[in-house]
Amino acid sequence: MLTVPDGVEVVASGERTGHLDSPPLLVVDAVAGFLDAHGIGSGPLAWQRVGDGQSNITYLIERDGASVVLRRGPRPPLPKSTHDMVREARIQKILGEHGVPVPEIIAVCEDESLLGVPFYLMSRVDGTVVTDTVPPHLSPADQRRATGEAVVDTLVALHGLDVSGGELASLGRPEGYLRRQVDRFRGLWEVNTTRDLPAVERIGDWLARNLPTSQAASVVHGDYRMGNLMFAPRAPARVLAILDWEMATLGDPLADLGYLTATWSEAGSPATPLELTPVTRSPGYPTRRRLAERYQSRTGLDLTPLPWYQTLALWKAAIFCEAIHTRWQRGERPHDTSFGPSLASGVPRLLERAGQYAGVSAAARR
């Protein structure tokens, strides 16, 4: 039997939260009651936080007869239209029915009285997430190459879904996607910063003036990177699940490729706050160029405008990270002792790199 001590992150009972400076992320008796109501296992709970996400939070929950994963948003207050766990669960249910590798959605809780925010439960996938260490079965040179190829091939399959009808068509509105992205994130900067960084407006103006024409419409994951993929626990490299669908919608598929390649860690390139899977700096992993070439060979899309999408990816990331930095400054992330403070210099580095991609794109147009 597990005894859960009271703490800022997890409390055993909702009655034990009055003395806390901020609401807990997990209330054990509330989650146990929700599992009981849905017939998911029995007895006391064991919990373990999974990953170090800077946005939404994930826990492995275990009890007799059940091993499930709980996903919830951060503590309130939450920006409007973000961290929508109900929508994220719905997206995965629809995609799972179309053969996309995603965890099974088991139950969704829209009642905010339990944890303060909605949450959902999904199946536990027995696999490996690659971030800062290479698992032994994926360490040989041929498996490093195969890992990178699997990242691209999984993205190609996702982008190959027909989104012109049925439930997939309900996931978003691809027309005008790029324009809306630029306009939306320009507005987010204005309400999420306390400092003046002229590069944000300069790059935003450049993006707006140079919008490419979308060549296709597809499901866009929005945060597609190796750290959001779960690989099989044995060779050969194979993706078992794509995780973290909060940003998913319908739009331009090259937005995902731009994000993947712009954030892909590569030997000799400067580090940024989005270096979340640094292992790919090691020998044997494909370069950004090789990733793009493999994607192009399987989709037939023209990648001439790819630097524009890479600029968009890092510009958006800078704006998102600035919001995290501002929340940390305001004391809304009191236990963030490293990532939030690092963004004082990290956001300008992201903008500098975005500007470099914009320069490449501008040169290619001349």
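Entry 1: I began with R49, which stands opposite Y59 in β4. The strands here are β3 and β4 (residues 57-64), and they pair in the antiparallel sense over 6 bridges. For my own record, two strands pair if DSSP finds at least two bridges between them. Helices (H or I, at least four residues) and strands (E, at least two) are DSSP runs, numbered from the N terminus.

**Entry 2: ground rules.** Residues are numbered from 1 along each chain as its sequence is written, and side-chain values use heavy atoms, with hydrogens and water left out. This is a predicted model, so to speak of local features I need pLDDT of at least 70, side-chain atom pairs count only at pLDDT 80 or more, and totals for chains, interfaces and linings use all residues.

**Entry 3: confidence.** I looked up pLDDT, the predictor's confidence in each residue, from 0 to 100. The chain has a mean of 90, and 91% of its residues reach 70 or more. Over residues 1-7 the pLDDT is below 50, and beyond near neighbours in sequence this stretch has 14 contacts in the model. Contact means heavy atoms within 4.5 Å. Where pLDDT is low, the predicted coordinates should not be read in detail.

Entry 4: In what order do the 5 strands of the open sheet come? I read β3-β4-β5-β7-β6, with antiparallel pairing. At the edges are β3 (42-50) and β6 (105-109), each pairing on one side only. From one strand to the next, the twist averages 25 degrees.

**Entry 5: helices on the sheet.** I found helix α1 (residues 28-37) lying across β3, β4, β5 (66-72), β6 and β7 (119-123), at about 120 degrees to β3. Helix α2 (residues 85-97) lies across β5, β6 and β7, at about 30 degrees to β7. Axes are lines fitted to C-alpha atoms, for helices over the stretch in contact, and angles run from 0 to 180 degrees between N-to-C directions.

**Entry 6: a salt bridge.** I counted 15 salt bridges in the structure, each a side-chain nitrogen of Lys or Arg within 4 Å of a carboxyl oxygen of Asp or Glu. One of them joins D36 and R63, with the closest N and O atoms 2.9 Å apart. D36 lies in helix α1 and R63 in strand β4, so the pair ties together parts that are 27 residues apart in sequence.

**Entry 7: α6 against α9.** The axes of α6 (residues 198-209) and α9 (residues 306-329) come within 11 Å and cross at roughly 145 degrees. Which residues meet here? I listed V200, I203, G204, W206 and L207 in α6, and W308, T311, L312, W315 and I319 in α9. They divide into 8 nonpolar, 2 polar and no charged. In this scheme Ala, Val, Leu, Ile, Met, Phe, Trp, Tyr, Cys and Pro count as nonpolar, Asp, Glu, Lys and Arg as charged, and the others, Gly among them, as polar.

Entry 8: Most residues other than glycine have a negative phi, and most peptide bonds are trans. I noted a cis peptide bond joining A235 and P236, with omega about 5 degrees. P236 lies in the loop between β9 (229-231) and β10 (239-242). D244 has a positive phi, near 65 degrees, and is found in the loop between β10 and β11 (249-251).
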